[in-house]
Amino acid sequence: MAWLFLVVAGLLEVAWALGLKASEGFSRPLPSVLTIIAMIASFYLLAQAMKVLPVGTAYAIWVGIGAVGTVLLGILLYGDSASPLRLLSLVLILAGLVGLKLAG
């Protein structure tokens, strides 16, 4: 169950990262409120996962899901750069996350 909490927490991190952009500096009420709710839920689920999982592993996986998801959606939704070096960097992050899971 801890891994499920962690994955959902990471996906919510993606949601709140994108929500920060959509809120335009917290100047738009609805995106701002949804972003804050996603932040709270993400931190809560991360904290629940950390009751069972090692802190370093849980935090790294949470950040990794958030970073990879945000970069990919930035490419798809906002036309962010998809240069080969950027994509290779994402692959390296994913490799690190798999390594942490396997080593745990």
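Start at the loop between H1 and H2 and select Glu24, which is placed there. The model is predicted. Phi of Glu24 is near 50°, a positive value in a residue that is not glycine. Glu24 counts as exposed, at 52% relative accessibility.

In the loop between H1 and H2, select Phe26 as well. Phe26 is not a glycine, yet has a positive phi of about 60°. Its relative accessibility is 42%, so Phe26 counts as partly exposed.

Next, display helix H1 (residues 2–22) together with H3. What is the angle at which H1 and H3 pack? It is about 40°, and the axes of H1 and H3 are 8 Å apart. That angle makes H1 oblique to H3. The crossing of H1 and H3 is right-handed.

To see the contact itself, show side chains on both helices. From H1, the residues that meet H3 include Trp3, Leu6, Val7, Leu11, Val14, Leu18 and Lys21. On the H3 side, the residues in contact include Ala58, Ile61, Trp62, Ile65, Gly66, Gly69, Leu73 and Tyr78.

Centre the view on Tyr78: Lys21 lies over the face of its ring, at 5.2 Å from the ring centre. Then move to Trp3, where the charged end of Lys101 sits over the ring, 4.6 Å from its centre.

Now turn to the aromatic pairs, of which the structure holds three. Select Phe43 and Trp62: their ring centres are 5.5 Å apart and their planes are at 50°, so the pair is tilted. Planes between 30 and 60 degrees apart fall in that class. The pair links distant parts of the chain, with Phe43 in helix H2 (residues 29–49) and Trp62 in helix H3 (residues 55–78), 19 residues apart.

Are the two partners buried or exposed? Trp62 counts as buried, at 4% relative accessibility, whereas Phe43 counts as partly exposed, at 46%.

The last stop is Val33, found in helix H2. Val33 has a relative accessible area of 47% and is therefore partly exposed. Select Leu92 too and draw a distance from C-alpha to C-alpha: Val33 and Leu92 are 34 Å apart in space and 59 residues apart in sequence.

Conventions. Residues numbered from 1 in each chain as written. Predicted model: local features only at pLDDT ≥ 70, side-chain atom pairs only at ≥ 80, totals over all residues. Heavy atoms only, no water. Phe/Tyr/Trp six-rings, centres within 6.5 Å; stacked < 30°, edge-to-face > 60°. Helix = DSSP H or I, 4+ residues; strand = E, 2+ residues; numbered from the N terminus. Buried < 20%, exposed > 50% of the residue type's maximum accessible area, 1.4 Å probe, protein only. Lys NZ or Arg CZ within 6 Å of the ring centre and 35° of its normal. Axes fitted to C-alpha atoms, helices over the stretch in contact; angles between N-to-C directions. Parallel < 35°, antiparallel > 145°, perpendicular 65-115°, else oblique. Left-handed = near helix turned anticlockwise from the far one by under 90°. Contact = heavy atoms within 4.5 Å.
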